[in-house]
Amino acid sequence: MMRRTLLKVLGAAGLTGLAADALPQRSGAKGPAAAEELQKNWKQFLAEGVAVSSPDEKLTLSKGEWRRRLSPAAYDVLREEGTERPGTSPLNAEKRPGVFVCAGCDLPLFTSAMKYESGTGWPSFFTTIPGAFGTRRDFKLLLPRTEYHCARCGGHHGHVFADGPPPTGQRWCNNGVALRFIPKAGNPV
Ligand SMILES: [Zn+2]
């Protein structure tokens, strides 16, 4: 039963049909261990020769510098905690193996194996790369919800909810415009 659930999750994340040697072996990983393994082995989804930043090298810029660096849509989400219209991000349909990094500072945040189709119209993930985010309570909709932001540049990415799929039950609901996808093979988008 657990294995079937895991396969369902992996299938939803678009991992079915990939070359077995291209990705870490997950056979035998069940329940929370499956998520831990995905977190531990995230670098196996990184394209060769790609240099990525670390959460410890903080990036602090002025508002003007951020405006020059980001598109208006990315600025609105990352620096003003805006929300993109659901269903508008091309990353909703992204199913190739690879790594999602912060559009503000290139910090790796999620792998393709952590993504699933939530049906919300925003890219959704059931876990994250370790250390990628900080969180805080947010009362914008009166009911408390948990806002999360990039650990390196502080950019707002989305909110995390407790109605996600196994193995974690988490739904990291991310604005697509705040992400950049680096496929393991092929050209970045
Ligand atoms: Zn960032």
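In this predicted model, Cys-173 is buried, with a relative accessible area of 9%. Cys-150 is likewise buried, with a relative accessible area of 1%. The table sets out these two values.

| Residue | Relative accessible area |
|---|---|
| Cys-173 | 9% |
| Cys-150 | 1% |

The structure holds zero disulfides.

Cys-150 is also one of the protein donors of a zinc ion. The donor atoms are the SG atoms of Cys-102, Cys-105, Cys-150 and Cys-153, and they lie 2.3 to 2.4 Å from the zinc ion. The angles among the four donor atoms run from 99 to 115°, and the site is tetrahedral. For reference, the ideal angle for four tetrahedral donors is 109.5 degrees.

Along the chain, the zinc donors follow the spacing C-x2-C-x44-C-x2-C. Cys-102 belongs to strand S1 (residues 98-102) and Cys-150 to strand S6 (residues 143-150), so this pair ties together parts that are 48 residues apart in sequence. Both Cys-102 and Cys-150 are buried.

In soluble globular proteins, nonpolar side chains tend to be buried together.

Leaving aside residues up to four places away in sequence, Leu-109 touches Phe-100, Val-101 and Cys-102, as well as Thr-128, Ile-129, Ala-132 and Phe-133. Leu-109 also touches His-157 and Leu-179.

How values were computed
Residues are numbered from 1 along each chain as its sequence is written. This is a predicted model: local features need pLDDT of at least 70, side-chain atom pairs count only at pLDDT 80 or more; totals for chains, interfaces and linings use all residues. Side-chain values use heavy atoms; hydrogens and water are left out. Donors are N, O and S atoms within 2.8 Å of the metal (3.2 Å for Na, K and Ca); water is not among the atoms, so sites may look incomplete. Four donors count as tetrahedral if all angles lie between 85 and 135 degrees; four count as square planar and six as octahedral if opposite donors are over 155 degrees apart and all others between 65 and 115; anything else is irregular. Helices (H or I, at least four residues) and strands (E, at least two) are DSSP runs, numbered from the N terminus. Buried means under 20% relative accessible area, exposed over 50%, partly exposed in between (1.4 Å probe, protein chains only). A disulfide is a pair of cysteine sulfur atoms within 2.5 Å. Contact means heavy atoms within 4.5 Å.
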